[in-house]
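Subject: Handing over a structure, with notes on what was found

Dear colleague,

I am passing on the structure below, together with a description of what was found in it.

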Amino acid sequence: MHDKRDISHLQHLPQLPGRAGGLPAEHGNGSDGAKDGAEESSCPAFGYLRGLTSQALAVELRFRDGNSDWFPYSWLGPWRFNPSVGLLLKFTGDVTSLVLIRGSNLDALVGQTVNLTDRGFQRHRILWVREMDEGELRRVGEGGPTIDKIEVAEFETNKELREWLGKAAPAFVRKSG
């Protein structure tokens, strides 16, 4: 049976960007992965929306083992950046999830337009971040952003959260006083 419903009335709706294709292309030529007119772009560590006012609905965490987690930006609460430790994101839904992104140059600009911090997560432009293997880390070199490890932990109580954070990244634990 053929579906003959008329969907022409939906053609005015904007197209949602899809997953920023599998693994990023090699970037040995200094390119940020941008294609002419493309809405999305990437570097080896993360993918992002190119438009300065564009916003993603969720961020995908891509792990070295091939698994992925997605977190909606509507759950993103406070986050912290410490260059010597990494980036700590707090997502609050049914449970509280902490995402600890470890790497180097996480605040470095890619393509003179975006980084993971104030021009990326703060503006909800990051589509995905991925753990990189040793070869990829070496190819990026000194100045580009790299992601060594992504850790995700879920908590039902603030006590559990503080205990985990004290072990995983004590620099992010605020002293209560």
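Predicted model: local features only at pLDDT ≥ 70, side-chain atom pairs only at ≥ 80, totals over all residues.

The overall picture

The protein has three helices and nine strands, and along the sequence these follow the pattern β-β-β-β-β-β-β-α-β-α-β-α. Of the 177 residues in the protein, 39% are buried. Among contacts with a separation of 6 or more, 54% are between residues 24 or more positions apart.

The nonpolar cores

The largest nonpolar core has 30 residues, and those with the most contacts inside it are Phe46, Ile101, Leu116, Phe121, Ile126 and Val129. At least two residues of this core come from each of strand 2 (46-49), strand 3 (58-62), strand 6 (86-92), strand 7 (96-104), strand 8 (126-130) and strand 9 (146-155). Strand 8 supplies the largest share, four residues.

Arg125

Arg125 has its place in the loop between helix 1 (117-121) and strand 8. Is this arginine, Arg125, buried or exposed? Arg125 counts as buried because its relative accessibility is 0%, where the limit for that term is under 20%. Leaving aside neighbours within four places in sequence, Arg125 is in contact with, among others, Gly47, Tyr48, Leu49, Arg50, Tyr73, Thr113 and Arg119.

Strand 3 and its partners

Four of the five residues of strand 3 are buried, so this strand is largely enclosed by the rest of the structure. Strand 3 runs antiparallel to strand 4, and five bridges join the two; in this pairing Val59 stands opposite Phe71. The two strands form a hairpin with five residues between them, and in the turn Gly66 has a positive phi of about 95°. Strand 3 also pairs with strand 8, in the parallel sense and over three bridges, with Leu61 standing opposite Val129. Arg62 lies over the face of Trp128, at 4.3 Å from the ring centre.

Aromatic pairs

The count of aromatic pairs comes to four. One of them is formed by Phe71 and Phe91, which are stacked, with 4.6 Å centre to centre and 25° between the planes. This pair links distant parts of the chain, as Phe71 is in strand 4 (residues 68-72) and Phe91 is in strand 6, 20 residues apart. Phe71 counts as buried because its relative accessibility is 6%, and Phe91 is buried too, with a relative accessible area of 1%. Phe155 and Trp164 form a pair that is tilted, with 5.7 Å centre to centre and 55° between the planes; Phe155 counts as buried, at 6% relative accessibility.

Helix 3 and the segment after it

Helix 3 covers residues 158-168, and in it Leu161, Leu165 and Ala168 are buried. Why do the buried residues of helix 3 line one face of the helix? Seen down the axis of helix 3, they fall within an arc of 75°, so they line one face. An α-helix has 3.6 residues a turn, so residues three or four places apart point the same way. The buried residues of helix 3 pack against strand 6, strand 7 and strand 9, whereas on the other side of the helix Lys159 and Lys167 are exposed.

To return to Val173, this residue is buried, with a relative accessible area of 19%. Val173 and Glu163 are ten residues apart along the chain, and their C-alpha atoms are separated by 9.2 Å. Leaving aside neighbours within four places in sequence, Val173 is in contact with Arg80, Arg162, Leu165 and Gly166.

With best wishes

Technical notes
Residues numbered from 1 in each chain as written. Heavy atoms only, no water. Core = buried A, V, L, I, M, F, W, Y, C linked by side-chain atoms within 4.5 Å. Buried < 20%, exposed > 50% of the residue type's maximum accessible area, 1.4 Å probe, protein only. Contact = heavy atoms within 4.5 Å. Arc of directions from axis to C-beta. Phe/Tyr/Trp six-rings, centres within 6.5 Å; stacked < 30°, edge-to-face > 60°. Lys NZ or Arg CZ within 6 Å of the ring centre and 35° of its normal. Pairing = 2+ DSSP bridges.
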